[in-house]
Amino acid sequence: MKLAAFDIGGTSLKMGVTTDLGEIVKKEQVEVQQSSGKEILEHILQWVKDNPDCEGIAISVPGHVDAVSGTIFMGGTVRDFDRFNIVDWLAKETSLPVTVENDAHCALLAERWLGKAQSMADFLMITIGTGVGGAIFCNNALVHGKGFSAGEFGRMLTSRPASDGVSQYTMDKTCTMSSLREYYSLHMACSQEEVSGEDVFAKYDEGDPICSRLVITFYQDICAAIYNLAHIFDPECIFFGGGITAREQFLEEIKFHLAWFGLEIKLDTATHGNDSGMLGASWHFLQQHKDGDKNHQAP
């Protein structure tokens with residue numbers, strides 16, 4: 001069985017053709033306008049048209065998602081999708097079965113299906129990119145929460161809020177590539193468009209004092225979140241996904257800074273990197289359309 005799989009981000013869309021064995025036989029990534037739901041849907045329809053052998057559509061999307069009804073209640077970085085039933089819309093346009101799940105949940109499901117968490121009953125996933133996402137696998141089950149927002153680790157406080165508002169002291173504000181760019185541009189009096197997250201890390205590697213301070217603070221805030229999550233959930237492992245994991249030294253640097261917290265916990269990166277979203281979305285589709293094949297059974 002082949003599926004058209006999509007991993008929707010705020011500024012990019014990953015598209016693939018996957019099989020029920022977890023193989024990605026074809027993939028492509030396109031850049032999209034910030035939060036342009038219309039453009040994303042156009043790319044999805046064209047991909048489905050170009051791959052007529054696909055028998056279903058599996059979608060990973062940011063925000064608060066009711067995976068049963070197919071409604072995106074809050075679209076995260078794609079606010080065009082607020083209160084939008086993407087499953088009904090795409091099913092009508094393509095006449096194919098469609099499923100949707102939160103992107104961090106999909107990254108976690110990929111790890112459980114085809115990664116290093118296949119035998120784990122309790123683990124967490126933290127995704128760090130444009131924003132911070134998260135997912136909880138507890139007592140052998142994915143946790144969605146009453147309002148489909150369980151695992152929103154980006155809303156966690158990294159320090160005590162001051163008078164300028166609580167949201168300024170959350171992981172979403174202090175532990176993303178966007179925040180590194182913003183803080184660097186403020187220090188250097190330049191536009192954020194002139195610098196990337198990769199630029200900040202490159203200068204950090206060169207010993208630049210401003211970037212050293214920014215990156216060390218970035219890591220310490222992530223470690224504070226790890227400390228809290230470890231004591232709340234007592235997981236077997238905390239996995240990291242998202243763009244930050246493209247940095248080869250990321251895991252070792254996190255462990256270095258975590259040593260100060262006196263916490264012993266297993267940390268690892270997502271097995272399938274940027275493909276995790278599409279693979280997890282595919283596994284979710286297979287669970288919603290089980291046919292008895294052993295490859296489709298819940299992990």
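Modeller: Let us begin with a definition, namely that the expected span of a helix is 1.5 Å times one less than its number of residues. Please keep in mind throughout that this is a predicted model.

Colleague: How do you know what span to expect for helix H9, and what span does H9 reach?

Modeller: Helix H9 covers residues 276–288, which is 13 residues, and at 1.5 Å a residue the expected span is 18 Å. From its first C-alpha to its last, H9 reaches 18 Å, close to that expectation.

Colleague: What makes H9 count as largely enclosed by the rest of the structure?

Modeller: A residue is called buried when its relative accessible area is under 20%. In H9, 12 of the 13 residues are buried, and therefore the helix is described as largely enclosed by the rest of the structure. Among the buried residues are Met278, Leu279, Trp283, His284 and Phe285. The buried residues of H9 pack against strands E1 (2–8), E2 (12–19), E3 (24–31), E4 (57–61) and E8 (98–102), and also against helix H3 (103–114).

Colleague: Why are helices H6 and H7 called roughly perpendicular to each other?

Modeller: The term roughly perpendicular is kept for angles of 65 to 115 degrees. The axes of H6 (residues 197–205) and H7 (residues 209–233) cross at roughly 110° and come within 8 Å, so H6 and H7 are roughly perpendicular to each other. Where they meet, Val200, Phe201, Lys203 and Tyr204 in H6 face a set in H7 that includes Cys211, Val215 and Tyr219. By class, this contact of H6 with H7 has eight nonpolar residues, one polar and one charged.

Colleague: At what angle do H7 and helix H8 pack, and how far apart are their axes?

Modeller: H7 and H8 (residues 250–258) pack at about 70°, with their axes 9 Å apart, and that angle makes H7 roughly perpendicular to H8. Ile216, Tyr219 and Ile226 are among the residues that H7 brings to the contact, while those of H8 include Phe250, Ile254 and Leu258. The residues of this contact of H7 with H8 divide into eight nonpolar, two polar and one charged.

Conventions. Residues are numbered from 1 along each chain as its sequence is written. This is a predicted model: local features need pLDDT of at least 70, side-chain atom pairs count only at pLDDT 80 or more; totals for chains, interfaces and linings use all residues. Side-chain values use heavy atoms; hydrogens and water are left out. Axes are lines fitted to C-alpha atoms, for helices over the stretch in contact, and angles run from 0 to 180 degrees between N-to-C directions. Helices (H or I, at least four residues) and strands (E, at least two) are DSSP runs, numbered from the N terminus. Angles under 35 degrees count as roughly parallel, over 145 as roughly antiparallel, 65 to 115 as roughly perpendicular and the rest as oblique. Contact means heavy atoms within 4.5 Å. Ala, Val, Leu, Ile, Met, Phe, Trp, Tyr, Cys and Pro count as nonpolar, Asp, Glu, Lys and Arg as charged, and the others, Gly among them, as polar. Buried means under 20% relative accessible area, exposed over 50%, partly exposed in between (1.4 Å probe, protein chains only).
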